[in-house]
Amino acid sequence: MAKHTVSNETRVSTALEFESLEYTIGDRTLFGDLGLRLTVGESVAVMGPSGSGKSTLISCALGLVSPQGVVRVAGSDITRMRRRELARHRGAHTGVVFQFGELLPELTPVENVALAGLLSGASRGEAYEDARTLLTELGVPTAARSTGTLSGGERQRTAVARALINKPVLLLADEPTGALDDANRDSVADLLFQVPSRWECGLLVVTHDEQVANRADRVLRLVDGGLRTRSTV
Ligand code: ADP
Ligand code: MG
């Protein structure tokens with residue numbers, strides 16, 4: 001049986017935890033004693049101007065950089081994992097959406113989404129069926145021959161489907177609507193913030209767009225290396 005079914009049965013309630021996170025680039029302390037706890041079903045938006053460390057925070061949650069402190073994803077500290085274990089853990093528990101979707105243009109939307117399932121060990125039949133189901137649920141035409149014929153909004157919906165195909169406990173999004181016009185931004189943001197309750201995961205969105213952030217259950221700001229609730233700024 002596919003392993004994501006198993007991980008579903010042993011689902012944890014905390015999707016992501018940063019504990020005493022410290023990260024320095026050169027002589028600049030990007031994060032100093034930063035903490036965050038994100039539960040399954042919850043959405044958190046982290047805001048900050050360009051250069052404040054939003055993308056680096058996403059990199060910490062993905063295990064792409066090595067900060068001091070604890071980064072717990074689905075109950076396990078990923079800072080202690082070796083490369084292979086980390087890759088497996090990330091594939092099983094974490095989905096991510098970037099600003100420009102980062103789809104493979106040679107593949108159809110269905111293939112883009114199914115590939116992520118195949119890489120995590122799903123069978124071909126299962127991956128393609130799940131991809132079609134997800135794309136339909138997210139409002140993307142599954143008959144599209146190429147991602148190039150999709151609108152910007154449909155491309156980001158495809159990126160969301162790809163991020164969800166392995167039933168992650170944690171969904172990360174880095175400026176997910178940054179490349180969209182206002183109408184598409186609103187529809188993609190609406191969809192994204194439905195994800196935690198529809199697909200039972202925690203959602204961390206980093207954005208400089210107040211209108212997007214306002215849809216989250218909690219809005220935090222990166223200030224002086226830590227996360228502050230908006231009302232205190
Ligand atoms: P944001 O996403 O909020 O715009 P980033 O997390 O991309 O911010 O970057 C935060 C700061 O860290 C910026 O000053 C950026 O120049 C710097 N930075 C990010 N990645 C690197 C890197 N690999 N090497 C050097 N500096 C970096
Ligand atoms: Mg960024």
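1. In the hairpin formed by E1 and E2, two strands with 2 residues between them, glycine 26 adopts a positive phi near 60°. The model under review is a predicted one. E1 covers residues 14-25 and E2 covers residues 28-39; the two strands pair in the antiparallel sense, over 8 bridges. One of the bridge pairs joins threonine 24 to threonine 29 of E2.

2. E1 also pairs with E4 (residues 68-73), again in the antiparallel sense, here over 5 bridges. Two partners in E4 may be noted for this pairing. Glutamate 17 has arginine 72 as its bridge partner, and glutamate 19 has valine 70.

3. Which residues of the chain make up helix H6, and how far does the helix reach? H6 runs over residues 152-164, 13 residues in total, and spans 19 Å between its first and last C-alpha atoms.

4. H6 is mostly covered, with 10 of its 13 residues buried. The buried positions are Gly153, Gln156, Arg157, Thr158, Ala159, Val160, Ala161, Arg162, Ala163 and Leu164. In general, an α-helix has 3.6 residues a turn, so residues three or four places apart point the same way. The cover over the buried residues of H6 includes the strands E6 (94-97) and E7 (170-174), together with the helices H4 (109-119), H5 (124-137) and H7 (182-198).

5. The largest pocket has a volume of about 590 Å³. It is lined by 22 residues, of which Gly91, Thr94, Val96, Ala116 and Asn166 are the closest to its centre. H3 (83-93), E6, H4 and H6 are the elements that each give two or more residues to this lining. H3 provides the largest share, 5 residues. By class, the lining comprises 11 nonpolar, 6 polar and 5 charged residues.

6. The second largest pocket holds about 190 Å³ of space. Among its 14 lining residues, those closest to the centre are Gly63, Leu64, Ser66, Met81 and Leu86. Which element gives the most to this lining? Here too the answer is H3, with 4 residues. The classes are 9 nonpolar, 3 polar and 2 charged residues.

7. Glycine 225 is placed in the loop between E9 (218-223) and E10 (226-229). Why does glycine 225 count as buried? Its relative accessibility is 9%, and the cut-off for a buried residue is under 20%. Apart from neighbours within four places in sequence, the contacts of glycine 225 are Leu30, Phe31, Gly32 and Leu34; these positions fall within the residue range of E2, 28-39. Glycine 53 lies 172 residues away from glycine 225 in sequence, yet the C-alpha atoms of the two are 8.6 Å apart in space.

8. Leucine 138 is found in the loop between H5 and H6. This residue is buried because its relative accessible area is 1%, against a cut-off of under 20%. Setting aside residues up to four places away in sequence, leucine 138 touches Arg157, Val160, Ala161, Leu191 and Trp199. Methionine 47 is 91 residues from leucine 138 along the chain, with 26 Å between the C-alpha atoms.

9. Alanine 189 is located in helix H7, one of the elements that cover the buried residues of H6. Is alanine 189 buried or exposed? At 0% relative accessibility, this alanine counts as buried. Its contacts, not counting residues up to four places away in sequence, are Thr177, Val212 and Arg215. Between alanine 189 and proline 49 there are 140 places in sequence and 19 Å in space, taken from C-alpha to C-alpha.

Notes. Residues numbered from 1 in each chain as written. Chains lettered and ligands numbered in written order. Predicted model: local features only at pLDDT ≥ 70, side-chain atom pairs only at ≥ 80, totals over all residues. Heavy atoms only, no water. Expected span 1.5 Å × (residues − 1). Buried < 20%, exposed > 50% of the residue type's maximum accessible area, 1.4 Å probe, protein only. Contact = heavy atoms within 4.5 Å. 1 Å grid on protein atoms, 1.4 Å probe; cavity = no way out; pocket = protein on both sides within 12 Å on 5 of 7 lines; lining within 4 Å. Points joined across faces, edges and corners; volume = space filled by probe spheres on them. Nonpolar A, V, L, I, M, F, W, Y, C, P; charged D, E, K, R; others polar. Pairing = 2+ DSSP bridges.
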